[in-house]
Amino acid sequence: MEIGPGIPRRCLCGALTVLLTSKTKENPGRRFYRCGAVFGENHVFKWADEALVEEIEALSLKQSSMENDLIEIKEQLLDMKKDLTEIVEVVAVFSTKLRK
Ligand SMILES: [Zn+2]
């Protein structure tokens with residue numbers, strides 16, 4: 001089992017992750033996510049800058065998909081409005097005939 005792209009919210013062990021700041025010589029001040037329960041192998045560790053880039057990429061894909069869905073929904077709504085207009089016209093015609 002692997003964690004997916006983006007911000008890791010939970011570790012594979014089930015624990016929530018925490019956002020911390022590195023104090024090592026190699027990465028001073030660099031933020032990272034890690035398992036909130038255990039620091040070690042088989043538990044989440046991910047640099048926050050890398051996680052955020054992945055998160056933005058995933059959100060961008062999601063947004064594109066939602067934009068396409070919205071275009072489709074707008075087209076369906078227009079079709080439904082046309083159908084409704086036709087139905088109202090037919091009802092009006094029948095209503096007029098019934099009164100005669
Ligand atoms: Zn863990």
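Guide: Four donors count as tetrahedral if all angles lie between 85 and 135 degrees. This is a predicted model, where local features need pLDDT of at least 70 and side-chain atom pairs count only at pLDDT 80 or more, while totals for chains, interfaces and linings use all residues. Residues are numbered from 1 along each chain as its sequence is written, and side-chain values use heavy atoms, without hydrogens and water.

Visitor: What makes the arrangement around the zinc ion tetrahedral?

Guide: The 4 donor atoms subtend angles of 105 to 115 degrees, so the arrangement is tetrahedral.

Visitor: Which residues coordinate the zinc ion?

Guide: Cys-11 (SG), Cys-13 (SG), Cys-35 (SG) and His-43 (ND1) do, at 2.0 to 2.3 Å. Donors are N, O and S atoms within 2.8 Å of the metal (3.2 Å for Na, K and Ca). The sequence spacing is C-x1-C-x21-C-x7-H.

Visitor: Why is Cys-11 called buried?

Guide: Buried means under 20% relative accessible area, exposed over 50%, partly exposed in between (1.4 Å probe, protein chains only). Cys-11 has 5%, so it is buried. Cys-13 has 43%, so it counts as partly exposed.

Visitor: How many aromatic pairs does a search of the whole structure find?

Guide: It finds 3. Rings of Phe, Tyr and Trp (its six-membered ring) pair if their centres lie within 6.5 Å; planes under 30 degrees apart count as stacked, over 60 as edge-to-face and the rest as tilted.

Visitor: Why is the pair of Phe-32 and Trp-47 called edge-to-face?

Guide: Their ring centres are 6.0 Å apart and their planes stand at 80 degrees, so the pair is edge-to-face. Phe-32 is buried at 10% relative accessibility, and Trp-47 is buried at 16%. Ring pairs link Phe-32, Phe-45 and Trp-47 into a cluster.

Technical notes. Tetrahedral: all angles 85-135°; square planar, octahedral: opposite > 155°, others 65-115°.
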